[in-house]
Amino acid sequence: MGRGMSDRSAETSSARSGRKKRKSPDGVPTNALVFSAHVGRNDLVFPQILSLYIAPGSTVADVTFGKGVFWRNVPRGRYRLFATDLATGTDCRKLPYADRSLDCVVFDPPYMHTPGGTAHVGHQNYEGYYRNNQAASTSKYHEAVLVLYFDAAREAFRVLKPGGAYIVKCQDEVCANRQRLTHVELINELATRGFVAEDLFIVVRTGKPGVSRLLTQAHARKNHSYFIVFLKSSGKSRWKGLPRRTVP
């Protein structure tokens, strides 16, 4: 029996039994997807994150804008962008925005301490190098890094609309010969503050970092960082994606 006859027989049998013909699933097969791990630059990964979570026309505050590296490959005008940092007079821990007024906040602080004899005095590496934090913390080393993250998260939660996105850049570090998994610490702490960790992107640098004087290597050298996408809990259904994904 030919294949065509077999197919018609199956359709006739299905009709006689009263069963409805199964509908083919919507969508098309593709591998043109946004993936969780990337070897490359932040400015190539960041637009892909926006394409998944931030609808065009959204109001976005990048509170550690600096030189705007993240935005190099984002078409101008796609979002209503507030670009600020300490140099513009805006402290990430005291934002000038109204409660529940923003769709997205982007935060990229200094994510490790700087070793050295006087490197921690006044935390000048925060204020002078990164231009995104006032030197007012009484904590030191890795704890000072966490305080900055947590204080900034408190403000981000205040200004975000329910369901709004908080995109955070971070990196793990070894401090005082102790492994500090910063991304885990942030996810755990922000979960207690009303944020849901919705996604995690790993960015691996293309070059090999080195040290000037190595005696004994005790831990793996960090050559990757993270973008974590947090959503401000709205108490409603889980994230199902944008109605229509925008290609960066």
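**Contacts.** I started with the contacts in the protein between residues at least 6 apart in sequence: 72% of them join residues at least 24 apart. Contact here means heavy atoms within 4.5 Å.

**Ground rules.** I'm working on a predicted model, so to speak of local features I need pLDDT of at least 70, and side-chain atom pairs count only at pLDDT 80 or more, while totals for chains, interfaces and linings use all residues. Numbering runs from 1 along each chain as its sequence is written, and side-chain values use heavy atoms, with hydrogens and water left out.

**Inventory.** I found 5 helices and 9 strands in the protein. These are DSSP runs, H or I of at least four residues for helices and E of at least two for strands, numbered from the N terminus. I read the order from the N terminus as α-β-α-β-β-β-α-α-β-β-β-α-β-β.

**Surface.** I noted that the protein exposes about 15000 Å², with carbon and sulfur atoms supplying 51% of it; areas come from the Shrake-Rupley method with a 1.4 Å probe, and for residues only the protein chains shown count as cover. Of the 248 residues, 38% are buried. Buried means under 20% relative accessible area, exposed over 50%, and partly exposed in between (1.4 Å probe, protein chains only).

**Strand β9.** I looked at residues 224-232 next and found 8 of the 9 buried. Which strands pair with β9? Pairing takes at least two DSSP bridges between two strands. β8 (residues 195-204) runs antiparallel to β9 over 9 bridges, and I picked out D199, whose bridge partner in β9 is V229. β5 (residues 160-170) is also antiparallel to β9, joined by 6 bridges; there I see A165 opposite L231.

**Helix α2.** I checked the length of residues 42-53: the 12 residues reach 17 Å from first C-alpha to last, close to the 16 Å expected at 1.5 Å a residue. That expected span is 1.5 Å times one less than the number of residues. Since 9 of the 12 are buried, α2 is largely enclosed by the rest of the structure. Among the buried ones I listed D43, F46, I49 and Y53. What covers them? β1 (37-39), β4 (102-107), β5, β8 and β9 are included in the cover over the buried residues of α2.

**D85.** I located D85 in the loop between β3 (80-83) and β4. Buried or exposed? D85 counts as buried, because its relative accessibility is 2%. I then followed the D85 side chain to the backbone nitrogen of G66, at 2.9 Å.

Key:
Polar contact = N/O pair within 3.5 Å; in protein donor to acceptor, adjacent residues only side chain to side chain.
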